[in-house]
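Here is a short walk through one protein model. Keep the coordinates open while you read.

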Amino acid sequence: MFKNLDAKALGLSPTQSETIELALSFGFRGINVDLAEFATEVKTFGLPRARRLIDSAKLKIGTFPLPIEWQSEAGFEAELIKLNELAELATAVGARRAVAVIA
């Protein structure tokens with residue numbers, strides 16, 4: 001078990017580098033990652049460059065929000081198609097815990 005920072009749960013909207021800085025400043029050993037945002041970074045720069053800040057800070061990935069729209073069936077079906085790609089990315093970055101909120 002490790003102390004993990006979830007900046008969005010605190011009402012903050014920091015960038016990934018700001019989240020890493022907060023985690024290091026306050027003694028956290030992990031951070032939560034927005035996997036959809038991270039996927040865009042990976043497509044643009046590649047996985048090694050997208051991971052470099054997390055790796056250099058020696059932080060673990062705590063959780064990531066599961067980007068699925070549960071409310072409408074059409075939205076749910078469309079997003080299930082993207083889920084496999086995101087699951088592969090989650091595995092590649094070591095994110096093993098997803099969080100989903102069902103209203």
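Predicted model: local features only at pLDDT ≥ 70, side-chain atom pairs only at ≥ 80, totals over all residues.

The text below goes from the sheet to the core, then to a helix and a few single residues.

Three strands make up an open sheet, in the order β1-β2-β3. Their pairing is parallel. β1 (4–5) and β3 (60–61) are the edge strands, and each of them pairs on one side only. β2 covers residues 30–31 and is joined to β1 by two bridges. Look at L5 for one detail of this pairing: its bridge partner in β2 is I31.

The largest nonpolar core holds 20 residues. I31, L35, F38, I54, L59 and L89 have the most contacts inside this core. In soluble globular proteins, nonpolar side chains tend to be buried together.

Take I54 as a way in. Leaving out residues up to four places away in sequence, I54 touches Q16, I20, I31, V33, F38, L59 and I61. Among these partners, I31, F38 and L59 are also on the list of residues with the most contacts inside the core.

Now turn to α1. Which of its residues are buried? They are Q16, T19, I20 and A23. Seen down the axis of α1, these buried residues fall within an arc of 100°, so they line one face of the helix. The spacing follows a general rule. An α-helix has 3.6 residues a turn, so residues three or four places apart point the same way. The face turned away from the buried side of α1 carries E21 and S25, which are exposed. What do the buried residues of α1 pack against? Their partners are β1, β2, α2 and α3. Just after the helix, G27 takes a positive phi of about 80°.

T19 lies in α1. Its relative accessible area is 8%, under the 20% limit, so T19 counts as buried. Beyond residues up to four places away in sequence, T19 touches L5, A7, P14 and I31.

K60 gives a contrasting case. This lysine lies in strand β3. K60 counts as partly exposed because its relative accessibility is 38%, and that class runs between 20% and 50%. Apart from residues up to four places away in sequence, K60 touches F2, R29, G30 and I31. K60 and A36 are 24 residues apart in sequence, and their C-alpha atoms are 18 Å apart in space.

K58 sits in the loop between α3 and β3. K58 has a positive phi of about 55°, although it is not a glycine. With a relative accessible area of 74%, K58 is exposed.

Finally, check the rings. How many aromatic pairs does the structure hold? The count is zero. The charged end of K3 sits over the ring of F28, 5.0 Å from its centre. The charged end of R49 sits over the ring of F45, at 4.1 Å from the centre of that ring.

Notes: Residues numbered from 1 in each chain as written. Heavy atoms only, no water. Pairing = 2+ DSSP bridges. Helix = DSSP H or I, 4+ residues; strand = E, 2+ residues; numbered from the N terminus. Core = buried A, V, L, I, M, F, W, Y, C linked by side-chain atoms within 4.5 Å. Buried < 20%, exposed > 50% of the residue type's maximum accessible area, 1.4 Å probe, protein only. Contact = heavy atoms within 4.5 Å. Arc of directions from axis to C-beta. Phe/Tyr/Trp six-rings, centres within 6.5 Å; stacked < 30°, edge-to-face > 60°. Lys NZ or Arg CZ within 6 Å of the ring centre and 35° of its normal.
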